[in-house]
Amino acid sequence: FLVAAEAVANSLDEADLRADRILPHPDRLREVGLNVATAVVLEAQKQGLAGQSLGRAWPEVRAALQARMWSPNLLPDTVHKNVSRPDISQAAVAAPISHC
């Protein structure tokens, strides 16, 4: 838990400090989450708790985690109801949910 809290605190940037924030701005959620995940993975590996190694140093682990991060891949003008999913037909996206 401590390494996660430290990673959040270490993610504060100059704008956060100027605004007297104690947490990074929410617009940086993905970046801060990646920092926390990197710190937690490194600590788990150090303690022998990790199922696999993602690297030995911060940049290597961060790159491995970033490559595994989910990304919405939405176009800027896409609205929530028109999400493009190749695995579902547009009729299925528009179809109401039936209650059983």
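This report walks through the fold, the salt bridges and a few individual residues of a predicted model.

## Ground rules

In this predicted model, local features need pLDDT of at least 70 and side-chain atom pairs count only at pLDDT 80 or more, while totals for chains, interfaces and linings use all residues. Residues are numbered from 1 along each chain as its sequence is written, and side-chain values use heavy atoms, with hydrogens and water left out.

## Overall fold

Let us start with the whole chain. It contains five helices and zero strands, where helices (H or I, at least four residues) and strands (E, at least two) are DSSP runs numbered from the N terminus. Read along the sequence, the pattern is α-α-α-α-α.

Of the 100 residues in the chain, 19% are buried. Here buried means under 20% relative accessible area, exposed means over 50%, and partly exposed lies in between (1.4 Å probe, protein chains only). The chain exposes about 8000 Å², and carbon and sulfur atoms supply 60% of that area; accessible areas come from the Shrake-Rupley method with a 1.4 Å probe, and for residues only the protein chains shown count as cover. A contact means heavy atoms within 4.5 Å. Among contacts between residues at least 6 apart in sequence, 34% join residues at least 24 apart.

## A salt-bridge network

Side chains of opposite charge can pair when their charged atoms come close. The structure holds four salt bridges, each defined as a side-chain nitrogen of Lys or Arg within 4 Å of a carboxyl oxygen of Asp or Glu. One of them joins Arg28 to Asp13, with the closest N and O atoms 3.6 Å apart. Arg28 sits in the loop between helix H2 (14-18) and helix H3 (29-46), and Asp13 in the loop between helix H1 (2-10) and H2, so this pair ties together parts that are 15 residues apart in sequence. Arg28 is buried at 13% relative accessible area, whereas Asp13 is partly exposed at 28%.

Arg28 also meets Glu31 in a salt bridge, at 3.1 Å from N to O; Glu31 is partly exposed, with 37% relative accessibility. Another salt bridge pairs Asp16 with Arg21 at 2.8 Å, N to O. Arg21 is partly exposed, with a relative accessible area of 29%. Through shared partners, salt bridges join Asp13, Asp16, Arg21, Arg28 and Glu31 into one network.

## Asp16 and its surroundings

Asp16 deserves a visit of its own. This residue is found in helix H2 and is buried, with a relative accessible area of 1%. Its side chain reaches the backbone nitrogen of His25 at 3.1 Å. Leaving aside residues up to four places away in sequence, Asp16 touches Ser11, Arg21, Leu23, Pro24, His25 and Arg28.

## Asp20, a positive phi

Most residues other than glycine have a negative phi. Asp20 is not a glycine, yet its phi is positive, at about 55 degrees. The residue lies in the loop between H2 and H3, and it is exposed at 67% relative accessibility.

## Helix H4 and its two sides

Next comes helix H4 (residues 58-68), whose buried residues are Val61, Ala64 and Leu65. They cover an arc of only 95 degrees around the axis, which puts them on the same side of H4; the arc is that of the directions from the helix axis to the C-beta atoms. An α-helix has 3.6 residues a turn, so residues three or four places apart point the same way. Pro59 and Ala67, on the other side of H4, are exposed. The cover over the buried residues of H4 includes H3.

## Leu34 in helix H3

Leu34 belongs to helix H3 and is buried, at 4% relative accessibility. Not counting residues up to four places away in sequence, Leu34 touches Arg62, Leu65, Gln66 and Met69. One of these partners, Leu65, is also among the buried residues of H4. Leu34 and Val8 are 26 residues apart in sequence, and their C-alpha atoms are 9.9 Å apart in space.

How values were computed. Polar contact = N/O pair within 3.5 Å; in protein donor to acceptor, adjacent residues only side chain to side chain.
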